[in-house]
Amino acid sequence: MSDIMEKTLASLPGFLTGNYGTRGANISAGFQNLIRCVGEAKSKHEEERIIKKELELLKQRLAHPDISKKQMREYLVRLIYCEMLGQDASFGYIHALKFAQQGTLLDKRVGMFPPTVSLNFGTMEILAVSLFLHENHELVVLLINTLQRDLRSTNIVEVCIALTAVSRLINTEMIAAILPLVEDKLQHTKAIVRIKAVMTLQQFHKKAPNVVQHIHGKFQKALCDKDPGVMSAALYIFHDLIKKDTAKYKDLVPPFITVLQQIIDKKLPTDYEYHQIPAPWLQIRIIKMLAKLGQDDAVNSSLMYKTLENTLIRADQHHCMSYAILYECIMTICQISPNAALIAKAAACVGRLLKARSNNLRYFGLNALSAVIKVNATYAAEHQLIVIECLDDPDDTIKFKTLDLLYRMTNQKNVEVICEKLTEHLKSAKDIYIKKDLVSKITTLAERFSPRAEWYLNTINQVFLLAGTIVPKEVANNLMKLIAEDTAAEEYDRELRINAVMCYNSLMDRPLLPDSLIHVICWVLGEFSHLAESLSPNEIVDKLGKLLSRSFEDESTASWVLTAMAKIQSSCEDVSDTFTDSLRRYKTCSHDMDLRQRACEFDQLLQDKTLMKDILPAPTSQTLEIDSTLSFLDEYVSEALSQGVPVYKPKQQRQTHQITMAIKQSLWSGLNFDPYESPTASLASTASKSTPPHKSPMITIALDPSVSSSASGHSSEPWETEDLGSSRLNLKGLKPVWSREGYHGTKQGKDKTRDKEVTEFMDEKPAKSKPTVQVSSVTATATPSKHTATIVETEEERRKRELASAVFSGIVTSEKEGIPDEVGNNHGGRTPKQTIFTDSLLEGFGHREVDKNQQGKEASIVDLLSEINFSQDVADTSSVDMLPGIIQTGVSATSVGVTPPDLTPSGQDIGILNKLDNSVNGKRNDLLQDISADAAEVGKTMNMNQSSSHVTEKTEGGSTSQRMGGTAYLVSIPDDSSTDRESVHIESLQGEARDDTKLTDSDIKSKSGASADLLLTDSGVKPSSVCLLDSDIDDNALSDGVTVTQTLPDGLDQYPHAKEHQELVSDSVVRVSSCKVWKPDVLAIVVFITNQNKFAIQSMQFNVDVPSNLKVAINESECNTFSVDKLEFRQCHVEELQVGYIGPSLHMVLGGQLLYKDHTNTTKRLFFSTPLHMSDFLRPLKLVTEEFGKKWTSCSKDKKIVIQRGNIQTMEDYMKFIEEKLHLHSVQIIGHEGISCGILLQKSNDICLLHGKFVQSNSLELWFRSNSQLLSDAVARQCSTLFK
Amino acid sequence: MMQFMLLFSRQGKLRLQKWWVAKLDKDKKKITRELMTTILSRKPKMCSFLEWRDLKIVYKRYASLYFCCAIEEKDNELLTLEIIHRYVELLDKYFGSVCELDIIFNFEKAYFMLDELMLGGEIQETSKKNVLKAIAAQDLLQEEADAMRNALEEMGFL
């Protein structure tokens, strides 16, 4: 054995005689002996033999009935030791348990002794038990009793030991039995018990959050504990809670900041100092939580800046712990809403870490740099030489961290160098995890930044050859898609395809090919081999035939090969023998059904060559257009619904329905034989996962976009049957990650000047000779290299420098770009900082996407962001944002001023309006004027038709009439006493209005066509609108002096609401109509029930059936019915239904019935139904672009549709349309793209993001994102119907 | 959260293992073996961190003993290094200049110490004094129990 062991053995005698002081005293001879024997063992086998023997001995001893506690303890020690050496000692577990439990028996036997000295739970037993067992072990259940008893003990040590055991051994099912006891311990007088109790509860919370939900208040109390230890322990729970729901704990920011400040000011007891650093663990925990709380939250972030800066400054000692704090600070600063000065400070600290000698610190430096460049890529340039050095470090950990960093700073310019580096490492890597990581990195980068299609082809082929088996399937699909895609340059397409065919033709000669590469080869050859004239079809078929003799991992591969052969054969006259032979072979003797069927089919097809050509045609460029939302079925669906077919319920709803049914049944059937649901199972059971449906090769080719979508984690869930189909069939819906022109962002509507600069700058570089490039890179590398540059460079240094300049090319250029911008473009309002910010944003998004491994699908957001024109002054944007607010106030003043049923003569009325005009005018600034050019729409947005007249003052002729219209509308708010006079009023006003309209007809048409339309609506001409003027027309109403109030109740009309009342149902007696009011937190449906016959109706009862994804409240209480005793003639009952949102759904229909008794006392029943849309629950979410970007990457479920944009011509129109119809807030328009975003009421977490883009020839690509696939789909569906 | 801690000698002998996550024995053995070979093959100047599967491994060598911890992705490696150091400090204080032998012969004490320092994979008590106090209290209980047992045995109850 080794010298260390010898030394150990040499010192043993002294150790045993007690020279080591007291510690050797309680070591038994048996244990000593065991260790000695093991130590002396000459080989692993001998050691094993000794242990086995020992275990046998222990087995016998433990089975002995009379065994003393002391002996037991020793046996357990030996048992643990044996187990640690890798032997199975499970027979001893039950003995350990038994002994742990025996305490009770002993107590009984020695009942006369006070309980304080009870002998129940020895530390050794519990240790043994907790080492041997784990929470899922079957024996744990036997322990509960003992643990409960010990928790009740008055001895602190016992309680502590029990808590330690509980935290480790209790599983979710048993928490309930222990929880109350642990909870009690939170009030314990001793801090140590409280700490352990809090930590134990944290474990419970981790295992089953819903079980400890009711004691969140106690956690708060623990957080305020006077003992810093308890507070510190409570932070763990809060860390978990904050991770789950950040919004709920925002108010913790100020106290956390105070605590942190106190810590760094050394206000805590010195006990908590660690090498003179005050409470470092506590500091780091708080800093970590601040990162979570400050993310996407500028307000709370700004509170943190000062303290974070202080912490950063205090952490300047040269101690490992200081660096740990420093690192966490940097990470937090990069994560919270950015502050340029603070980031600069953090970046300076990164330098400290990177320049350190210790590899540990360099590792941290690289990590921190990755975080910093997310915010601002230019900081990487400073450290380029160090980074390159790290890349060559012999330490793998450092090397891979550096590769990771490079991966994160990849852009279009350095992608080739970086991919080359990664591929190099892929060659040498052995560990499967590292290989997988590298493969995903290379493929992601290649997909996102590839400069040329050939390069992409070669890179991916290389990856396949190096690590074929672990390349994910979608990489192959993307590759095929790239080759299949048509671009504008036909010649180029052809060349690429020929290239690919030649390349794959030669690859077939390789002895080993991974299955996924064979798939690609087969498909490419099958589709395009006819393009390569130099190759004879039969030659290729023969080669493919040879492939068939190989053994494949994936059984379907043979089908791929066979299909490829068939495709090639279909276009040539003579059939190769290889093909017919293989057909014959597979037709009869293949185990794979799919393959066999294919063989049979192809064999049949060979009989009829023309049919074969029809079925397997040479590829054409035409793609199928498919309506992904299946909106053509809408009519059919509504027809079916009207015939009483039950509404389609998504699977998960059906399941819950079934469960409730099952519960009902079990209640009725008497006995319930089902086991009770476990407290945590309920959540898990509802979440079901989809497995992508098996696809046969031929279909896969046709549908490859869908394959990539499902493989990258967006797979449609199984219950969305329609959608599953649609997303799989949708050929155009998904945007390719990048197209042949390279990465998408490069060509689309970028800020032109900037683009030019970039290209100029880039053009310059290669034009110069190599040495000049070097010099320029040296000047770019700022600080450390400047001096060394003058010294004669060694070959190695030069190589590194060249590499550095290549690797950092994109980043250094972008840094330089900012400068000409500043000089040349100042009047445009673009400051260099903003430029940098654009870059950094770009970077940031890149990484987050990559982090989530969502293979570049969302790459186009980067396009969008790169195109964001930052030249717009921030102040401008904000004032634009404020504008609707201003107008809104003006308008709400209107309604407030007029709504009370005062007698309002026309002069006064107009006066009010004029006043309003003035006020609006007064408030409106220059910007408003720009907007008011399109004022009708502004009016629309506010859902206040009349206001349009005020704002469109400019359109002179039209405005008069509009104002009249507006007045008419306002006046028409009823009042019993003034009806007659009013009606006169209205008539006269209407007359006036009409005249005006006539007079200025042309004017209106030319200037404000939209407003004129609105005017008509206002006057209640549309039959469905239940505006008061309706009742004006009704002679009865007026002659009887009774009006029917059908205006919105007070307080509701200030919210946006539907312009028209919708009639739900009516008969000769009653009429039910409704109006939707989009309150911020709820959808209010105001129901108007009007008695329209001459007699009173009685005992009216109104029921609504709510879709299961919604809930309805009436008068603040959750119910779905209300009743009215009596409704007099001409009276109208108004009721507000508050519809709340629980989850998304594709179809929502609010149905219901109205029961009433008419004057003959017969009960009548009216049924109605009205559709609800997702937009009814969407509310605008005011975000700025950066926030939007962050949210975009954090939402994982998306849905993309392409629709005809119809009469929407400009982006502005589109945004307005979306704002109006979908209630999404317009975030920004950039060129032909626009982003909008909304939030679902009540659920602050459910947001819906939309990225719209005009694509060629009158279509519009809409890309929805949210955290729920169903939500994205539902909004997409509504949108597509809206656009029809 | 720390997932497990292993103590092993330069010869690859496991001296102590503590798992805060439930794992099968088979997996434990496999992980232990794999990590031991990886870490023992690393050179002294190399950095103390490893990315291993989805975990991060932090290790440090004290004399002939390697302390190795597995932490999760979001955890701070340097901080973990300091947890190891604090643990060594505690052992040192308790045993009085600790050596590998102390841990071999008194490994249960080493476990108790770890249980006082860490709970459920998180650091529980950062104050050195408090941990030592807790251990002392446990020792006292043990002694009391022993004394009681002796008395009982003498009286013939057991």
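The structure is a predicted model, in which local features need pLDDT of at least 70 and side-chain atom pairs count only at pLDDT 80 or more, while totals for chains, interfaces and linings use all residues. Residues are numbered from 1 along each chain as its sequence is written, chains are lettered from A and ligands numbered from 1 in the order in which they are written, and side-chain values use heavy atoms, leaving out hydrogens and water.

**Chain A at a glance**

- Chain A holds 59 helices and 20 strands; these are DSSP runs numbered from the N terminus, with helices being H or I of at least four residues and strands being E of at least two.
- Of its 1284 residues, 55% count as buried, where buried means under 20% relative accessible area, exposed over 50% and partly exposed in between, with a 1.4 Å probe and protein chains only.
- Take the contacts (heavy atoms within 4.5 Å) in chain A between residues at least 6 apart in sequence: 70% of them join residues at least 24 apart.

**Where chains A and B meet**

- Chain A brings 85 residues to the contact and chain B brings 76 residues.
- Together the two chains bury about 7200 Å², with 61% of it on carbon and sulfur atoms; buried area is the accessible area (1.4 Å probe) that two parts lose on being put together, summed over both.
- Between chain A and chain B there are 6 salt bridges, each being a side-chain nitrogen of Lys or Arg within 4 Å of a carboxyl oxygen of Asp or Glu.
- Asp271(A) and Lys129(B) form a salt bridge, and their closest N and O atoms are 3.2 Å apart.

**The open sheet around β12(A)**

- In chain A, 6 strands form an open sheet with antiparallel pairing, in the order β5-β6-β7-β12-β9-β10; two strands pair if DSSP finds at least two bridges between them.
- The edges belong to β5 (1062-1066) and β10 (1117-1118) of chain A, each with a single partner strand, so one side of each has no neighbour in the sheet.
- Strand β12 (residues 1132-1141) of chain A is mostly covered, with 8 of its 10 residues buried.
- On one pairing, β12(A) is joined by 8 bridges to the antiparallel strand β7 (residues 1083-1091) of chain A, and Val1086(A) stands opposite Glu1136(A).
- Strand β9 (residues 1110-1114) of chain A also runs antiparallel to β12(A), joined by 5 bridges, with Leu1110(A) opposite Tyr1141(A).
- β9(A) pairs with β10(A) too, in the antiparallel sense over 2 bridges; there, Ala1113(A) has Glu1118(A) as its bridge partner.

- All 8 of the 8 residues of strand β20 (residues 1259-1266) of chain A are buried, so the strand is largely enclosed by the rest of the structure.
- Ser1259(A), Glu1261(A), Trp1263(A) and Arg1265(A) point one way from β20(A), while Leu1260(A), Leu1262(A), Phe1264(A) and Ser1266(A) point the other way.
- Strand β16 (residues 1197-1204) of chain A pairs with β20(A) over 8 bridges in the antiparallel sense, and Val1202(A) has Glu1261(A) as its bridge partner.
- Strand β19 (residues 1247-1255) of chain A is also antiparallel to β20(A), with 8 bridges joining them; Phe1254(A) stands opposite Leu1260(A).
- The hairpin of β19(A) and β20(A) has 3 residues between the strands, and in it Ser1257(A) takes a positive phi near 45°.

**Aromatic rings and charges**

- Over all chains there are 24 aromatic pairs: rings of Phe, Tyr and Trp (its six-membered ring) pair if their centres lie within 6.5 Å, with planes under 30 degrees apart counted as stacked, over 60 as edge-to-face and the rest as tilted.
- Tyr81(A) and Phe107(B) have ring centres 6.1 Å apart and planes at 40°, so this pair is tilted.
- Tyr81(A) lies in helix α4 (residues 69-84) of chain A and Phe107(B) in helix α4 (residues 107-117) of chain B, so the pair joins two chains; both residues are buried.
- Tyr274(A) and Trp281(A) make an edge-to-face pair, at 5.1 Å centre to centre with 75° between the planes, and both are buried.
- One aromatic cluster is formed by Phe31(A), Tyr81(A), Phe105(B), Phe107(B) and Tyr111(B).
- Lys1200(A) lies over the face of Trp1263(A), 4.1 Å from the ring centre; a charge sits over a ring if NZ of Lys or CZ of Arg is within 6 Å of the ring centre and within 35 degrees of the ring normal.
- The charged end of Arg585(A) sits over the ring of Tyr586(A), 5.1 Å from its centre.
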